[in-house]
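Here is a friendly briefing to read alongside the model. Take a look at the structure, and then we can walk through its links and cores together.

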Amino acid sequence: MQQRWTLPWLCALLLGLMGLLVSPSSDFQHHRYEDMVRALFSVQNECPYITRIYSIGRSVERRHLYVLEFSDNPGIHEALEPEFKYVGNMHGNEVLGRELLIKLSQFLCEEYRAGNQRIMRLIHDTRIHILPSMNPDGYEVAARQGPEFNGYLVGRGNARDIDLNRNFPDLNALMYYYEKTKGRNHHLPLPDNWEQQVEPETLAIIKWMQNYNFVLSANLHGGAVVANYPFDKSRDSRIRGRTTNAATPDDKLFRQLARTYSYAHSWMHKGWNCGDFFEEGITNGASWYSLSKGMQDFNYLYTNCFEITLELSCDKFPPAAALPREWLGNREALVSYLEQVHHGIKGMVYDENNNPIGNAEISVAGIHHDVTSGVDGDYFRLLLPGTYTVTASAPGYAPFTSTVTVGPAEAIQLNFYLKTAPKQHLKVKHHNGKKNLSSLKAPFKLGPR
C-alpha cells in the first residue's frame with residue numbers, strides 16, 4: 001500500500017535530516033587553543049588513512065600553527081593533483097572562520113567514511129590543507145573577553161599587537177612599477193632581510209607557501225559578509241578619500257571565484273549585509289578600501305596561488321548559539337569553492353627525454369600573469385571556459401606553444417615537451433632590478449580585512 005506523505009511525517013523527516021546536517025560529533029562551541037588541537041587530532045584519529053597533522057611553525061607565544069591535511073596519500077604530493085588551502089583566524093578576534101574550518105574538517109572525515117561520492121572524489125583528487133588558526137595568540141586574548149564583551153580590535157593582532165594582514169612584504173608597489181616597464185609579472189623577488197621584517201606567524205605562512213605549490217586558497221575573516229578578491233592595494237596611492245578598482249590580469253577569473261562562494265552561500269549573494277551593499281556579494285579589495293601588505297595579494301604576486309578573502313559574519317565573535325546557522329549557511333560554499341581548484345588546464349612539462357622540468361614558465365596569451373611548474377614538472381593554470389594560446393618555456397629549452405579549449409568541467413590536461421635550444425638561440429632573460437618604492441604608501445584604513 002502506498003504511504004501518504006502527511007505533514008507530521010514530513011516534519012519528522014525534515015528534523016531527522018537537520019539532525020544529520022548538524023552533526024552531534026561536534027557540539028557547536030567555541031574552541032580555545034587546547035580544544036582546537038584536540039578536535040583536530042580527533043579528526044585525524046577518526047580518519048587516519050586520509051589525514052595528516054603537521055605544524056608550519058609557532059606563534060609569538062609558541063603555540064603551534066597546526067594544519068590538517070586531507071588526501072588519499074597524506075604527506076605526499078602526487079603529480080597532477082592540485083594543492084588547496086584554507087586559512088582561518090588571521091585576525092584573532094574574527095573567530096567564525098576558525099570554527100567553520102574545524103567543522104569542515106569533521107564534515108570531510110564523516111562524509112568520507114559514510115561513502116559520500118562527492119567528498120570521496122574531492123579527497124582522492126585534491127590535496128587539501130586546513131589551517132584553522134593563523135593567530136592563536138590573538139584568539140586567546142579575544143576569547144578571554146568572550147562574545148558578549150569583545151571589542152572591535154581586542155585580539156585582532158598577534159601577541160605583539162601586529163596586524164598580520166598588513167605584515168607581508170609589499171610586492172604590489174614593485175608589480176605596479178613593472179607594469180609600466182614591462183618587467184616580471186609573477187613570482188616577484190622578496191626584499192632584502194624580509195625575514196627580519198615579518199612576524200613569526202607571517203614567516204611561517206611564507207615558508208609554507210615556499211614548500212607547497214598551492215593552486216587555490218581562501219582566507220576567512222569576519223566583520224562583513226562579502227567575497228573579496230585582489231588586488232587589495234590601489235595602484236594610485238595619491239588618491240585619498242576615494243576608492244578605485246585595482247584589477248589583476250586575472251580579474252574575470254577572480255570575480256568568478258568570488259561569485260562561486262557568494263552564490264553557494266545562503267545569503268552572501270543577496271548583497272545587503274551588515275549595513276553594506278556589495279553587488280552579488282563580491283568586491284574588489286581596493287574598490288572597497290586600499291590595503292597594503294595583505295596576504296591575498298602576496299599569494300598572487302609571489303606564488304602560483306590564487307587567493308580570495310572571505311568576510312563571513314557581521315559579528316566578529318558570534319555567540320555559540322549562532323554557529324549552527326553559520327555552518328549551514330557556509331557548508332556548500334566551502335565545498336563548492338574547493339572544487340574550483342579543478343578547473344582550467346594542468347599538465348606536465350618534460351624535456352625531450354621525458355624528464356620533468358621544474359620551474360618552467362606557463363604563459364597564456366592575453367593574460368599578463370604566468371605560473372610555473374613545480375619540482376615534479378607539473379603545473380596548474382586556473383582559467384575560465386574559452387580557447388587559449390599557451391606557451392611553456394624554460395632556460396636552455398626552445399619554447400613550445402599550443403592552443404587549448406577549456407570547458408566548464410574538469411581541467412584539461414595539456415602536456416609540453418621542450419627541446420633543448422640550439423646555443424645560438426639561447427637567451428638570458430633580464431628583469432628590472434628591485435626598486436625601493438616604500439614611499440608609495442596607500443591611505444590607511446582599518447577595516448575587517
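A salt bridge is a side-chain nitrogen of Lys or Arg within 4 Å of a carboxyl oxygen of Asp or Glu. By this rule the count comes to 24 salt bridges, and a search of the whole structure also turns up 2 disulfides. This is a predicted model, in which local features need pLDDT of at least 70 and side-chain atom pairs count only at pLDDT 80 or more, while totals for chains, interfaces and linings use all residues. Residues are numbered from 1 along each chain as its sequence is written, and side-chain values use heavy atoms, with hydrogens and water left out.

**Salt bridges**

- Glu-199 forms a salt bridge with Arg-160, and their closest N and O atoms are 3.1 Å apart. Glu-199 sits in the loop between α6 and α7 (200-211) and Arg-160 in the loop between α5 and α6, so the pair ties together parts that are 39 residues apart in sequence. Helices here are DSSP runs of H or I with at least four residues, strands are runs of E with at least two, and both are numbered from the N terminus.
- Glu-199 is buried, with a relative accessible area of 10%. Buried means under 20% relative accessible area, exposed over 50%, and partly exposed in between (1.4 Å probe, protein chains only).
- Arg-156 and Glu-94 meet through their side chains in a salt bridge (3.6 Å, N to O). This pair links distant parts of the chain, with Arg-156 in the loop between α5 (136-149) and α6 and Glu-94 in the loop between β3 (83-88) and α3, 62 residues apart. Both Arg-156 and Glu-94 are buried.
- A network of salt bridges links Glu-94, Arg-156, Asp-163, Arg-166 and Lys-316.
- Glu-332 pairs with Arg-118 in a salt bridge, the closest N and O atoms being 2.9 Å apart. Glu-332 belongs to helix α11 and Arg-118 to helix α4 (residues 117-125), so the bridge ties together parts that are 214 residues apart in sequence. Glu-332 is partly exposed at 34% relative accessible area, and Arg-118 is partly exposed at 33%.

**Disulfides**

- A disulfide (a pair of cysteine sulfur atoms within 2.5 Å) joins Cys-47 to Cys-109, S to S 2.0 Å. Cys-47 lies in the loop between α2 (33-46) and β1 (51-58) and Cys-109 in helix α3 (residues 96-113), so parts 62 residues apart in sequence are tied together. Cys-47 is buried at 3% relative accessible area, and Cys-109 is buried at 3%.
- Cys-274 and Cys-314 form a disulfide with sulfur atoms 2.0 Å apart. The torsion about its S-S bond is about -85°, so this disulfide is left-handed. Cys-274 is partly exposed at 32% relative accessibility, and Cys-314 is partly exposed at 44%.
- The link of Cys-47 and Cys-109 is right-handed, with 90° about the S-S bond.

**Nonpolar cores**

- A nonpolar core is a set of buried Ala, Val, Leu, Ile, Met, Phe, Trp, Tyr and Cys residues joined through side-chain atoms within 4.5 Å. The largest has 94 residues, of which Phe-70, Tyr-86, Leu-104 and Trp-208 touch the most other members. Helix α3 gives the most to this core, with 9 residues.
- Leu-104 touches Tyr-86, Ile-130, Trp-327, Leu-334 and Val-335, not counting residues up to four places away in sequence; contact means heavy atoms within 4.5 Å.
- A second, separate core of 19 residues includes Val-349, Val-371, Val-406 and Leu-418.
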